[in-house]
Every structure is written in C-alpha cells, then in structure tokens.
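Let's take a friendly look at the charged side chains in this structure and at who pairs with whom. Here is a short briefing to read alongside the view.

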Amino acid sequence: MDARTIRALVGTSEDPELILRREYRSTAAEVRDACTAPERLARWFGVVSGDPSGVGSEFTVQLDEVTCARGRVLQCDADALSVSWSVDGEPPSILMAEWTDTANGRAELTLRHRLAGRDDIVTAGSGWDDALSALDGVLSGRSDDGDASAARAGDGGVWRTLAAHPLELARTIDAERSRVWNAIASADGLQTWWWRHWHDVSIVADVRVGGLYRIAAPAAGIVVEGRYLAVEPFERLAFEWRWIDDDGPSADEAVEFRLTDAGAGTRLVVRHTGPWADGSPAESYRQGWEFTLGELTAVLAG
C-alpha cells in the first residue's frame with residue numbers, strides 16, 4: 001500500500017487550518033477505537049488521562065517527556081471526533097478526526113486541525129505526520145512506525161514550504177454573493193466560465209465536504225481534480241488541487257475561495273498553497289488565476 005499522507009493548508013495566515021488524509025489497511029471501526037481508547041492511544045499518540053469518548057469529558061495527553069496537551073470532547077459520533085485542544089497552556093485550537101470505510105476495503109482517516117491564531121504550522125504539521133505514521137504501525141501490527149512519507153516530513157520541510165509562499169489575490173465582482181457562489185460551487189456554474197476558451201471541457205463537481213471534483217480539457221491534455229475540504233455556502237469553498245498527467249498527480253496543493261459583500265457586489269479572495277521551494281510557482285499561478293477570474297467576472301457581468 002502507498003502510505004503517503006495527503007496534506008492541505010487552507011484558511012488564512014491569521015487562522016490557518018491543517019488537513020491530512022491517509023488510508024489504512026484496517027476498518028473505520030478499528031481506526032475509531034485506536035483514536036478513542038486510551039490504552040490504544042498510548043501506543044501511537046500519547047499517554048491519556050481521562051476518557052476522550054464522551055461529549056463534554058476532559059482529558060490530558062502526555063505527548064512526550066515534556067509536552068502535555070489538554071482537551072475537551074466537543075463531538076463524539078460513530079464516524080467523527082472533535083475536541084478543543086491546548087498544548088502546554090497555549091490558546092485552545094479545534095481538532096477533528098473523521099474515519100470512513102472506503103470502496104477498496106480500507107479505512108480512511110481525515111484529520112483537521114484549525115490552529116489558534118498564528119500557531120506554528122511547521123511544528124503542528126510535522127507532529128501530525130509522525131502521529132499518523134505511528135498509527136499506521138499500530139494498525140498494521142508493525143514494530144516500526146516509520147515510512148518514506150514520515151521521513152520526508154520529519155523535519156517539517158513539507159509544511160515549511162506549504163506555509164512559505166502562498167498565493168493570494170482578490171477581485172471585486174459586479175454580482176451579488178449568491179450568484180458568485182453558484183458560479184463556483186456547482187458543475188453547471190463552473191461550466192459557464194472555467195477554461196471556456198477550450199471547446200471540450202468537462203466538469204464534475206460533487207460540492208460537499210469529501211466530495212470529488214474533476215475538470216478536464218482533453219484537447220489541451222490537462223486535468224485538475226481533488227476533494228472538497230470545506231463548504232460553507234456563500235462564504236467559503238476549499239478544495240485539493242491536483243494536476244493529473246503522465247508523471248502522476250501533483251502533491252499537497254490546495255485552493256480556497258472566500259466571499260464577502262462589497263457594496264452591491266462581491267469581493268472574492270483566492271488563496272492557493274503548495275509545497276513550493278520558492279515564489280516562482282505562485283507567480284506562475286498568479287497569471288493563470290488572473291485570467292481565470294477575469295473569465296468569471298466577464299460571465300457574471302453578462
């Protein structure tokens with residue numbers, strides 16, 4: 001099995017959100033037990049005092065010899081766990097784990113960590129990389145808990161590049177927010193403006209958290225696809241961004257749209273992040289996004 005963790009950095013620089021997704025050779029029920037039973041959490045995450053399996057319950061986790069976290073359960077369902085989370089007395093952040101059985105007989109775990117203000121993205125991200133790798137060792141029965149993905153991320157390098165060179169641009173559109181939302185958050189809406197200079201563009205968009213989208217232009221030989229990461233109607237839409245080509249998919253990129261009122265129109269902010277070693281990819285994307293948003297603006301202006 002390819003144990004690679006898929007990462008995304010969304011939110012804003014003031015309110016970042018880390019999202020990690022990984023498959024395991026297990027079942028969703030097993031993953032849930034490993035994420036809520038204190039004796040199993042001790043094998044891959046930390047020594048737990050208290051019971052993190054009931055809403056309102058408080059607990060502590062000794063992550064290592066010097067680091068202690070405190071949590072309170074906000075949600076505990078068959079398929080999701082949400083807690084408030086504070087490490088060493090820092091302001092609390094929000095952590096959510098979701099698990100599901102997949103069509104290929106495995107379990108998928110999605111971890112979302114909305115950091116408190118300007119928490120250290122690199123420290124938090126690399127810590128979760130290590131933890132999800134350790135969980136893989138526990139679920140698979142291996143004595144080791146490492147893999148190539150964790151080795152690459154162990155020094156925080158992936159998250160450092162994700163945070164270093166985000167692209168952000170804004171445009172005011174002469175259309176009310178509901179019209180802009182419908183244009184970006186439905187296959188029919190996207191079809192009116194996305195890559196409309198090509199005649200053969202096909203678009204599939206299942207606009208819900210975890211739903212898939214795929215935009216293909218066969219004549220141009222390009223495909224972009226991914227999963228929706230956040231869907232907050234008329235306000236926020238975030239999704240993975242993966243180019244598909246002969247060399248395989250690109251890795252760990254994400255895009256977020258944020259909408260606010262601007263008089264009678266709408267201010268649309270686009271933020272695109274990726275594991276870019278310098279600012280060159282962001283500047284290349286800037287040109288593409290300027291053109292693409294120009295098409296959206298033109299269509300909504302009639």
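Searching the whole of this predicted model turns up 24 salt bridges. Side chains of opposite charge can pair when their charged atoms come close. A few of these pairs are worth a look on your screen.

**The pair Arg 4 and Asp 252**
- Arg 4 and Asp 252 form a salt bridge through their side chains, with an N to O distance of 3.4 Å.
- Arg 4 sits in the segment before strand 1 (6-11) and Asp 252 in the loop between strand 15 (248-249) and strand 16 (254-262), so this contact ties together parts that are 248 residues apart in sequence.
- Arg 4 is partly exposed, at 25% relative accessibility.
- Asp 252 has a relative accessible area of 6%, so it counts as buried, the cut-off being under 20%.

**Glu 256 and its two partners**
- Glu 256 meets Arg 236 in a salt bridge of 2.8 Å, N to O.
- Because Glu 256 belongs to strand 16 and Arg 236 to strand 13 (residues 236-240), the pair ties together parts that are 20 residues apart in sequence.
- Both Glu 256 and Arg 236 are buried; for Glu 256 the relative accessibility is 2%.
- Glu 256 also forms a salt bridge with Arg 258, where the closest N and O atoms are 2.7 Å apart.
- Arg 258, at 29% relative accessibility, is partly exposed.

- Which residues are linked with Glu 256 in a network of salt bridges? The network joins Glu 17, Arg 114, Glu 232, Arg 236, Glu 256 and Arg 258.

Technical notes:
Residues are numbered from 1 along each chain as its sequence is written. This is a predicted model: local features need pLDDT of at least 70, side-chain atom pairs count only at pLDDT 80 or more; totals for chains, interfaces and linings use all residues. Side-chain values use heavy atoms; hydrogens and water are left out. A salt bridge is a side-chain nitrogen of Lys or Arg within 4 Å of a carboxyl oxygen of Asp or Glu. Helices (H or I, at least four residues) and strands (E, at least two) are DSSP runs, numbered from the N terminus. Buried means under 20% relative accessible area, exposed over 50%, partly exposed in between (1.4 Å probe, protein chains only).
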